[in-house]
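Student: Please take a close look at one part for me: the place where the two chains meet. Then walk me on to the aromatic rings.

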Amino acid sequence: MQTRFSYGGDEHIFAEVAESMSLEAFFKGLFITNAVRDAEIKGVTEICPANASYQVKFDPDQIKPDDLLAELKRLDSASETSAPVIKTRIIEIPVLYNDPWTHETLMRFRERHQDPNGTDLEYAARINGLDGVDSFIKAHSSAPWFVSMVGFVAGLPFLYQMVERQRQIQAPKYLRPRTDTPKLTVGHGGCFSCIYSVRGAGGYQMFGITPMPIYDPNQTISYLRDFMCLFKPGDIVKWKPIDRSAYDAAVADVDAGRFAPVIRDVSFSLTEFNQDIDAYNRKLEGVLHGH
Amino acid sequence: MAIKVLKPGLATTVQDLGRPGYYHIGIPLSGGMDRHALAAANLLVGNAEGAAVLEAVFMGPELEFTDDALVAITGAELPPKLDGEPRETWTSFKVKRGQKLSFDFLKQGARGYIAIAGGIDVPLVLGSRSTYALGGLGGFKGRKLEAGDELPIGNAGAAVKDGRSVAKDLRGLPAAMPTELRVMPGLYWHRITETAGNGFFSGTWKVAPEADRIGYRFRGGKPLEFVPREPPFGAGSDPSNITDACYPYGSIQVPGGTEPIVLHRDAVSGGGYFMVGTVIAADMDLIGQLQPNTPVRFVKVGMDEALAARKSRAELLGKLRGALA
């Protein structure tokens, strides 16, 4: 992988690790952005890892753009030799697939969709060669996903599915973006799933909704008191399909301050993962459930 | 001391110089769209340059003061009135307890800055008092002002004289039309053809009605033509799609190749559209003062010109500080 560098005006350096998405490209970006943070380079104000790229914002009054570019290039070539192992977390996210709220929204914006006569789930199942919504939900929730970027709006995770490329779910974005998406919608566009952290515009297909808030600017939710955003790049997510009564119970638990998300520390090795993906994912799930 | 919001205007928010450090989790810088005007308003009333002020867009609010205060309005030509009596913009004036501040129709520019000695004293959130409305964060309850809100005002420091004013040449507003915005090509510039690239810089664009703190959309120039390619895995099938990446402030994305959007202080931090380049930092204040339908040309510059423009912008602020010291 040859990183392509570009200036984003006089305050940003943009680095595209690879044009297409892969865990290898994500890991390279994550290692470099960690190295840039550790290097505490004078004048660097923001370090933003993304899916297969990253961005560094800087103050050109404190560091010459060409000097920072040279430093990033040096860190970029040093990263080739790093072992792709990270200490991270695995987080279980309950999902009510095929829920009434995203259903109402997708019907409202049907004329902006590729398939005005079906639902987003039916459409995604068909174009991914799966025989119906239940098979699709199984494909979506049976393997874990990597948080490969956080952003767009506050705390929104982009998630990359941890299966072989030929099994990865892909779906186009809406033909024209919606002006409304329910808060905590589980969406999908390109090869990425996401959780919409706030209500607002969006173009991803809508599959379901989680009862578990992932962003709280007021920091009153128990597990968001330390920081208002739940996710960091490198986190691993496992969806847990739930029914309506479990959803309602979880919402009540969140409101009462007794909802306890399932989050475990875990170490992830890209090399071991690539050797036997399914076996490695089973091991990750074992960590989640304490065995 | 507080001010009561009688009418909120169109979209009046509390802003300071912003909230750096959280863009990597999707929380943008925020802060005044026209930082020079924001600093000027503060300096006129004896505040620190980055104290929290009100940013009003297109239409001013109506405010009632519960105590005597010193006030200044800068930025757009949004003429202030005190109990119906006209006052000057870019000039500090006294307000007596119980008086009402309102505004006449907008004459020029887009965003006015209302500074009050002592500053708007809403709580600091992640180090800033700026409102990020999309995330419901900061400012007054994370949102634009509504009638009935009461804004707390901090204690004013050493009193400064009223009637001080900023000379025209220190106001940093656009001098001519069509407005020129200087752009460094880059990012995904290679995705469009050479003809399309030339067309982008030779055409005249107009500010579209969709122009807010997140981004300014432009219309009327030639649609961009893309260099053919196989879509990379993860990007999506439209030629304007990329594998979702970070967006620099000032970057110009062109969804579908038709209408450029320049991201501003409340930018979405990333997404799946390619970008042709970035408006230089020195011209970002200017964008915040553009009204819909304003004709704009994008002018191609390199890093050296961007840094020279940055330096001259900093010198302008230096002179402003000197004049109001």
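Tutor: Start with the area. About 3900 Å² is buried between chain A and chain B, and carbon and sulfur atoms give 62% of that. Bear in mind that this is a predicted model. Chain A brings 53 residues to the contact, and chain B brings 44 residues.

Now the charges. The rule finds 5 salt bridges across the interface of chain A and chain B. One of them joins B:Arg229 to A:Glu19, with the closest N and O atoms 3.7 Å apart.

Look at chain A's side next. Strands S1, S2, S3, S4, S6 and S7 of chain A each give two or more residues to it. S3(A) provides the largest share, 5 residues. By class, this side has 28 nonpolar, 14 polar and 11 charged residues.

On to the rings. Over all chains, the structure holds 25 aromatic pairs. A:Phe26 and A:Phe146 form a tilted one, 5.6 Å centre to centre, with 55° between the planes. A:Phe26 sits in helix H1 of chain A and A:Phe146 in strand S6 of chain A, 120 residues apart. Both A:Phe26 and A:Phe146 are buried.

Chain B has a pair to compare. The ring centres of B:Tyr23 and B:Tyr249 lie 4.4 Å apart and their planes meet at 20°; planes under 30 degrees apart count as stacked, so this pair is stacked. B:Tyr23 is buried, with a relative accessible area of 2%. B:Tyr249 is buried as well, at 8%.

Definitions and conventions: Residues are numbered from 1 along each chain as its sequence is written. Chains are lettered from A and ligands numbered from 1 in the order in which they are written. This is a predicted model: local features need pLDDT of at least 70, side-chain atom pairs count only at pLDDT 80 or more; totals for chains, interfaces and linings use all residues. Side-chain values use heavy atoms; hydrogens and water are left out. Contact means heavy atoms within 4.5 Å. Buried area is the accessible area (1.4 Å probe) that two parts lose on being put together, summed over both. A salt bridge is a side-chain nitrogen of Lys or Arg within 4 Å of a carboxyl oxygen of Asp or Glu. Helices (H or I, at least four residues) and strands (E, at least two) are DSSP runs, numbered from the N terminus. Ala, Val, Leu, Ile, Met, Phe, Trp, Tyr, Cys and Pro count as nonpolar, Asp, Glu, Lys and Arg as charged, and the others, Gly among them, as polar. Rings of Phe, Tyr and Trp (its six-membered ring) pair if their centres lie within 6.5 Å; planes under 30 degrees apart count as stacked, over 60 as edge-to-face and the rest as tilted. Buried means under 20% relative accessible area, exposed over 50%, partly exposed in between (1.4 Å probe, protein chains only).
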